[in-house]
Amino acid sequence: MTVFRGFLIITKRNIHIIWLYLLLFLGIAIMVQKAAGGNTSEFEQVSLNIAVIDRDGGKLAKGLADYLSQYHTLVELPDEPSIIQDRMFYREVYYVAAIPEDFEERCLYGDETLPVTKVPGSNSGFYVDQQIRIFMNEVRIMVSSGFSLSEAVEEVIEHSADEAEVTLIDKNGFGGKQPMHAFMYQYMPYILISILCYSMSYIMIAFRNEDVKRRMMCSAIPARSQNLQLALGVAVVGIAVYGLCTLMPFLMYGKTFMKDPNMPYYLVNSFMMTLVSLSLSFLIGTLVRREEIISAIVNVVSLGMSFLCGVFVELEVLGKGVRTFAQFLPAYWYEVANGLLSNNSSLSPAQQTSLYTCYGLQILFAAAILGVAMVISRIRQTA
């Protein structure tokens, strides 16, 4: 097992790359967990620093200010454009509503809209716009129904304090949200491709060294045994990396991951991606002759495939043209399978067929990439 031991020795020299990307993987998983760790079944209102400049002084104007104060923090501002502009520039105020004179006649009974000023480029002001429209419409309806203006304003403010109870329909069996380990598996293709392509490429370049090749040819070990030992080394490293990446969801999510009925499918899906990554690493190791350019090629392959196939950006966000092109890349089918598993606790027969199709396409991609690499390797040996 001389060749196999040499394979492991070279792997040990590059072990720092494996640990570096595993730590990166763990860091991504923790950041995603914190970003998505809130309970998505609860809704929280957005509160802004806003100002209401009352030039009318009537009951409707005072009622609007009281209504907005239930949702936002009212900041006192003088009615001077320069000061208002200065406060909004430094983000001390995000929204200013200027109530004009004769507010009731002009905006409640008339067709005028309330003059407002928002921070440029901010979408938060649309939330306040909606609240103002709701207040004006409800007051207008109550006044038209026979209530006095004072009664209408009081009723609207009183009932606006009631909190609505929102319950999400559990369509996917996960309480209306994705399980946390699904996000970890979403980023796994990047880690598998990076680790295996880096480590395997360095090893293959080392074994293609002219001095090493001559020594192996002169040794008493048959060529067939050498190839089998190399294949064994690739399998051991691939399984080790797959095992380490699989161990993380168990350590981070424990019983939650183990109780997921789709857990075996996650494991199979990531194993298919491991085969694809090994075939890519063999192709890159066959094409590359110098260690200096390994980093550039692996980064292009891993990052390019990750951005195009839904690893870093959700598939739903990608454009139609990008998704069409990504179908010719193996990581796309991994992410399609991962999306099926993360959005459904139980799979229908049609969904199971789609899942197995994704598995099969990943195997075909791995076989095709491996075949191309072997052809290139044979051409270079005979050249």
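1. Ground rules. This is a predicted model, with local features needing pLDDT of at least 70 and side-chain atom pairs pLDDT 80 or more, while totals for chains, interfaces and linings use all residues. Residues are numbered from 1 along each chain as its sequence is written, and side-chain values use heavy atoms, leaving out hydrogens and water.

2. Strand 1 and its partners. Strand 1 runs parallel to strand 2, joined by two bridges, and parallel to strand 3, joined by five. (Strands pair if DSSP finds at least two bridges between them; strands are DSSP runs of E, at least two residues, and helices runs of H or I, at least four, numbered from the N terminus.) To get your bearings, Ile50 is opposite Leu74 in strand 2, and Val52 is opposite Ala97 in strand 3.

3. The crossover. Strand 1, helix 3 and strand 2 form a right-handed β-α-β unit: with the strands pointing away from the viewer, the path from the first strand over the helix to the second runs clockwise.

4. Helix 3 itself. Which residues of helix 3 (59-69) are buried? They are Leu60, Ala61, Gly63, Leu64, Ala65, Tyr67 and Leu68, where buried means under 20% relative accessible area, exposed over 50% and partly exposed in between (1.4 Å probe, protein chains only). These buried residues pack against strand 1 (49-54), strand 2 (73-74) and strand 3 (95-99), plus helix 5 (103-108), helix 6 (125-144) and helix 7 (149-160); contact here is heavy atoms within 4.5 Å.

5. Aromatic pairs. The whole structure has 13 of them, counting Phe, Tyr and Trp (six-membered ring) with centres within 6.5 Å; planes under 30 degrees apart are stacked, over 60 edge-to-face, the rest tilted. One is Phe89 with Tyr90, edge-to-face at 5.1 Å centre to centre and 90° between the planes. Phe89 counts as exposed at 60% relative accessibility, and Tyr90 is exposed too, at 54%.

6. Tyr187 is buried at 15%, whereas Phe312 is partly exposed at 24%.

7. Other rings. Tyr185, Phe250, Phe257 and Tyr266 are linked into a cluster by ring pairs. Separately, the charged end of Lys118 sits over the ring of Phe126, 4.3 Å from its centre (NZ of Lys or CZ of Arg within 6 Å of the ring centre and within 35 degrees of the ring normal).
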